[in-house]
Amino acid sequence: MNKVNMPSLKRTLVNSVAYGTLKHYKGNEVILLTPAGILSGEFVECPESAAGLKSESAEFQTMMLLELSTQYKDEHQIQKVDGNDGFLPLKNVILHCSNDRIYKFPYLTVFYDQIIAVAQGNFND
């Protein structure tokens, strides 16, 4: 493998934990430590079709982001994004800030380069 097109270890581990919450650790959230605070939310798996999805749904928004990403790669003749480039789609997100403020987002796109640490579980337990 060409090391230039190689995903980072961080990206690989974050994806493994996120996918694990869908497959092996159902009912758990993805918990991310970021410069903004601690994010907890559900990983959004992209459906195969937009049929029946509401435009405000997390699944529809994820499909749109993936489509835009594909267009970007096509326009710039990129086969695969490397390193920490990319994003993790989450829904029902809660951001716990260090100043004790809490923000809620129905959907949030988190870029890999903003992730410091990752875990799975239930933050409020």
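**Close-up views of a predicted chain**

**View 1. Helix H2 spans residues 58-75 of this predicted model.** With its 18 residues, helix H2 reaches 26 Å from its first C-alpha to its last, close to the 26 Å expected at 1.5 Å a residue, where the expected span is 1.5 Å times one less than the number of residues. Helices (H or I, at least four residues) and strands (E, at least two) are DSSP runs, numbered from the N terminus. The model is predicted, and local features need pLDDT of at least 70, side-chain atom pairs count only at pLDDT 80 or more, while totals for chains, interfaces and linings use all residues. Residues are numbered from 1 along each chain as its sequence is written, and side-chain values use heavy atoms, with hydrogens and water left out.

View 2. The buried residues of H2 are Ala58, Thr62 and Met63, where buried means under 20% relative accessible area, exposed over 50%, and partly exposed in between (1.4 Å probe, protein chains only). An α-helix has 3.6 residues a turn, so residues three or four places apart point the same way. After the helix comes Gln77, whose phi is positive, near 50 degrees.

**View 3. Strand E3 pairs with both E2 and E4.** Two strands pair if DSSP finds at least two bridges between them. Strand E2 (residues 37-43) is joined to E3 by 5 bridges, and the two run antiparallel; Ser40 has Ile94 in E3 as its bridge partner. The pairing of E3 with E4 is also antiparallel, over 9 bridges, and here Leu88 stands opposite Val110 in E4. In the hairpin of E3 and E4, 5 residues lie between the strands, and Asp100 takes a positive phi near 70 degrees. Because 8 of the 10 residues of E3 are buried, this strand is largely enclosed by the rest of the structure.

**View 4. Phe87 and Phe111 form an aromatic pair.** A search of the whole structure finds 1 aromatic pair. In this pair, Phe87 and Phe111 are edge-to-face, at 6.4 Å centre to centre and with 70 degrees between the planes. Rings of Phe, Tyr and Trp (its six-membered ring) pair if their centres lie within 6.5 Å, and planes under 30 degrees apart count as stacked, over 60 as edge-to-face and the rest as tilted. Phe87 lies in strand E3 (residues 87-96) and Phe111 in strand E4 (residues 102-111), so the pair ties together parts that are 24 residues apart in sequence. Phe87 is buried, with a relative accessible area of 17%, but Phe111, at 45% relative accessibility, counts as partly exposed.

**View 5. His96 in strand E3 touches residues from other parts of the chain.** His96 counts as buried, at 14% relative accessibility. Not counting residues up to four places away in sequence, His96 touches Gly37, Ile38, Ser40, Arg101, Ile102, Phe123 and Asn124, where contact means heavy atoms within 4.5 Å. His96 and Ala36 are 60 residues apart in sequence and 8.3 Å apart in space, C-alpha to C-alpha.
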